[in-house]
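Q: Hi! Could you walk me through this structure?

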Amino acid sequence: MTKVLILDAGHGLNTYGKRTPDDIREWTLNDEVCDKIKRYLEPYDIRVVRADDPTGKTDVPLKDRKYIAVREKADMYLAIHHNASGDEFTNVSGVETFWRVEKWKPLGQMLVDEMALQTGLRNRGTHYGKFLVINSQTIPSILCEGGFMNGTYDSYYIRSDKGTSDYARAVANVVVRYLKLDFKGTSPKPAGQLYRVRKTWADANSQIGAFSDLENAIALANRHPGYKVFDATGNPVYPTVNARGKRVVLKNDPLYVSATADQPSTYVSGVYYLADGVEVNGRYRITNNPELIGVTGWVNARDI
């Protein structure tokens, strides 16, 4: 029998205060994750229904969202959110989940464990939360918080294709396991599933080839110094200098205060770590914290 999953992207596009310190709206992040969850679940026998307004124009009342779950005879209700601890960037980081009815606590634990595994963000655990939309005795209901919008590291990760994909994959994995979903067909090939050869992911004009075969992409990159191979989400896959947590020794290398800064703010030496392995405008985020919490700055990829 086909299962029903209710996804709630929370708030609305213009809900006051729900945004990053640099004005990225939370709903846009939540919406992208919901769309990807739905795509990941396409090969399974499940129907996905949105409880929020998919256009984001209206902040649907909470009681109406609950009514949708009852009307659709939902088998699970998941509110997809991103966290915040204030209006300014700080080193706060991590994922967490909330339950209101204690019998759904194990589901909350499954979700936060998988979210931490897939994203690499700190596991902040699962907690009781007095949220109306997850107050159901009959429908397993959890509110997920996928990283902090005001986290120095989290904010850049959660707005990336990789960040939203990792979050969505984690949720989809748990939905499949928890509801014991039947596989109904071949997994869809993600759009743009090609290995692209460019100088940087941001510089699309530098692309000199795109291949479905990774080896062909690597061979082309090797013939052109300064070029790299990127997967469909923009994550560099060759050369493999971008592993998260990789130890980097800098010797008087330029350190930038932002990924878009034109001039280095200082020169640094010492041991650092790649914070996430995601290249942004030809630079990698680094941290001097071996726990990979917080971002110290950015360095040019060529300096690593």
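A: Happy to! One term to begin with: buried means under 20% relative accessible area, exposed means over 50%, and partly exposed is in between (1.4 Å probe, protein chains only). Helices (H or I, at least four residues) and strands (E, at least two) are DSSP runs, numbered from the N terminus. This is a predicted model, where local features need pLDDT of at least 70 and side-chain atom pairs count only at pLDDT 80 or more, while totals for chains, interfaces and linings use all residues. Residues are numbered from 1 along each chain as its sequence is written, and side-chain values use heavy atoms, with hydrogens and water left out.

Q: How far apart are the end C-alpha atoms of α3?
A: They are 21 Å apart. The expected span of a helix is 1.5 Å times one less than its number of residues. For the 15 residues of α3 (residues 105-119) that gives 21 Å, so the two values agree.

Q: What follows α3?
A: That's G120, and its phi is positive, near 80 degrees.

Q: Switching to β4: how many of its residues are buried?
A: Five of its five, so to speak a mostly covered strand. V95, T97 and W99 point one way, while E96 and F98 point the other way.

Q: Which way does β4 run relative to β5, parallel or antiparallel?
A: Parallel, with four bridges joining them. Two strands pair if DSSP finds at least two bridges between them. F98 has H127 in β5 as its bridge partner.

Q: And β6, parallel or antiparallel to β4?
A: Antiparallel, again over four bridges. There, V95 stands opposite G146 in β6.

Q: What do β4, α3 and β5 make together?
A: A right-handed β-α-β unit. Right-handed means that, with the strands pointing away from the viewer, the path from the first strand over the helix to the second runs clockwise.

Q: Is C34 buried or exposed?
A: C34 is buried, with a relative accessible area of 1%. C144 counts as buried too, at 0% relative accessibility.
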